[in-house]
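Please look through the structure shown here before reading the report.

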Amino acid sequence: MAVNKMTSKEVTQKVFNKEKLFVFDVRNESDFQDWKIEGDNFQYMNIPYFELLDGVEEILDKIPTKMEVLVVCAKEGSSIMVAEMLSYAGLDVAYLEGGMKAWSEHLEPVKVGDLKDGGELYQFVRIGKGCLSYMVLSNGEAALIDSTRMTDVYLDFAAEKNVKITHVFDTHLHADHISGGRTIAEKTGATYWLPPKDATEVTFEYQALEGGNDVKIGDTSINIHSLYSPGHTIGSTSFVVDEKFLLSGDILFIDSIGRPDLAGLAEDWVGDLRETLYNRYRELSDELVVLPAHFMIIDELNEDGSVSEKLGILFAKNHGLNIEDESEFRKMVTENLPPQPNAYQEIRETNMGKINPDQEQQREMEIGPNRCAVR
Amino acid sequence: MEATKVLDAKGLACPMPIVRTKKAIGELESGQVLEIHATDKGAKNDLTAWAKSGGHELVKHEEDGDVLKFWIKKG
C-alpha cells in the first residue's frame with residue numbers, strides 16, 4: 001500500500017470541516033501529552049517510534065482500516081519510518097509533511113469580514129499554536145496586526161492581493177511567539193507601531209502606539225482606532241477597526257481572558273485587567289465583533305475556521321467577564337494560572353531585539369501550545 | 001565515566017540516533033556503558049524515554065556546545 005503525504009494545510013481543512021482522522025502520534029509520551037493536533041472528530045493513539053523499531057505487527061489491530069490514518073512526529077523522519085512499516089504491512093496511511101514543526105508554523109488565512117468601500121479583513125489562523133494575526137486591506141494598502149515570524153506568508157498574501165503593507169502593529173510585547181512585525185516593517189518600509197510601555201527595553205526604532213491614535217489604511221480611510229487596554233501587559237492596546245471590529249489582543253479571548261503574569265507580577269496588573277474588561281470594554285458597542293490574538297481550544301473555532309464573537313455575547317457568556325466579586329476575580333487570575341509558555345523570557349527578549357536567535361532556535365523556543373489565557 | 005563504546009550520531013536526524021543506539025546497545029553486555037554523541041535536539045527526550053522503556057539506565061547527560069552527550073548503561 002502507498003505511503004501518502006498530508007500537508008498541514010490539508011489537516012487544517014479537516015479541522016475546519018470537522019472531518020474524522022486517526023492521528024497516530026509517534027513522539028514520546030510527554031511531548032504528546034503537552035501538545036498535539038486537535039480536531040473535534042480526531043481520534044488518537046500515541047506510541048513512540050522507538051518502541052516500534054522491531055516492527056509494527058503487535059499494533060496493527062489497533063489501527064482502524066475504515067478511517068484515514070495520519071502518522072505524526074516532531075519533524076517527519078520518524079513518521080515516515082513508521083508509515084512505511086505500516087504500509088509494508090498492508091495498511092493505507094499518510095504521514096504529516098514536516099511534522100509538528102510544520103504544523104506549528106502553518107497559517108491559514110480566513111476572511112472575517114468586509115469593510116466599507118471594498119475593504120477586507122483577514123484573520124490568519126495559526127492552527128497548531130492558536131495564534132491569530134490580522135490583515136486589514138483597503139484600496140491598495142494594508143495593515144498587519146500581531147504578525148508571526150512566518151513573514152513570507154503575509155508578504156506573499158499582500159502581493160497576491162496587490163496591496164502594499166504600510167502599517168504594522170503589535171498589540172503588546174508578545175511572550176508566547178516571536179513577532180514578525182519588525183522584519184516585515186523593514187522589508188516593506190511600513191511603520192512599526194508598539195505600545196511604548198511595553199517597549200521600554202527594545203533595541204530598535206518604532207512608532208509609539210498610544211490610546212487614541214487613529215491610522216488610516218487606503219484612501220477610503222479604513223479607520224484603526226487604538227484603545228489603551230492594559231492588564232495582560234502594561235502596554236496592551238486594542239484596536240477598533242472600521243467601527244465594526246474589536247481586535248482585543250491578549251486581553252479578551254472567546255472563552256477566556258488574558259493572564260497578567262507573563263511580563264511581571266500578576267498582582268501588579270490584575271487591577272488594570274479588571275479595569276479594562278469591566279469598565280473600558282463595557283463602554284464599547286455590544287455589536288463590535290471581537291477578534292482576539294489567540295484561541296485556546298478548538299471549540300472556539302467558528303464553522304468557517306475563524307475565531308470571532310460579538311462583544312455583547314462575550315459579556316453574557318465569557319466566565320472571565322462575569323465575576324462580580326473583585327477579590328474572586330483577583331484570585332482567579334493570580335492563583336489559577338496555567339504553566340507559562342515555553343521559553344517565554346527568551347521570546348520576550350527576542351521581540352525586544354536583545355537577542356537574535358537563528359531560525360532553528362526560534363522554532364525550538366516556540367514549541368508547544370500557547371498559554372496566554374486564564375479560564 | 002568510562003564507556004565501553006562511543007557512538008557518533010552527530011548530524012543524524014530523528015529516528016536515526018535511536019536506531020543506531022539500539023543497534024549499538026545490542027552489541028554490548030549488560031552493565032556496559034555506551035556513550036552517544038548527537039546533535040538532534042529531540043534526542044534528549046527520546047533517548048531518555050527509550051532507555052527507560054528498554055530497561056537501560058541513562059547515567060549521565062551533558063551538553064558540549066551543539067553536541068549532546070549521553071551515557072547509557074545497558075540493562
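## Two helices of chain B

The axes of H1(B) and H2(B) cross at roughly 35° and come within 10 Å. Axes here are lines fitted to C-alpha atoms, for helices over the stretch in contact, and angles run from 0 to 180 degrees between N-to-C directions. Helices (H or I, at least four residues) and strands (E, at least two) are DSSP runs, numbered from the N terminus. The crossing of H1(B) past H2(B) is right-handed, meaning that the near helix is turned clockwise from the far one by less than a right angle. H1(B) contributes B:Pro17, B:Ile18 and B:Thr21 to the contact, and H2(B) contributes B:Ala43, B:Asp46, B:Leu47 and B:Trp50. Two residues are in contact if their C-beta atoms, placed from the backbone, lie within 7 Å.

The model is predicted; local features need pLDDT of at least 70, side-chain atom pairs count only at pLDDT 80 or more, and totals for chains, interfaces and linings use all residues. Residues are numbered from 1 along each chain as its sequence is written, while chains are lettered from A and ligands numbered from 1 in the order in which they are written.

## Where the chains meet

In chain B, 13 residues are in contact with 16 residues of chain A. Helix H1 (16-26) and helix H2 (43-53) of chain B each supply at least two residues of this side. H2(B) gives the most, with five residues. The table sets out the classes of two groups of residues.

| Contact of H1(B) with H2(B) | five residues | one residue | one residue |

Ala, Val, Leu, Ile, Met, Phe, Trp, Tyr, Cys and Pro count as nonpolar, Asp, Glu, Lys and Arg as charged, and the others, Gly among them, as polar.

## A sheet in chain A

Chain A has an open sheet of five strands in the order S1-S5-S4-S2-S3, with parallel pairing. Two strands pair if DSSP finds at least two bridges between them. Strand S1 (3-6) and strand S3 (42-46) of chain A are at the edges with a single partner strand each, so one side of each has no neighbour in the sheet. On average, neighbouring strands of this sheet are turned by 30° against each other, direction ignored. S1(A) and strand S5 (residues 93-96) of chain A run parallel and are joined by four bridges. A:Met6 has A:Leu96 in S5(A) as its bridge partner. Helix H3 (residues 77-88) of chain A lies across S1, strand S4 (69-72) and S5 of chain A, and runs at about 180° to S5(A).
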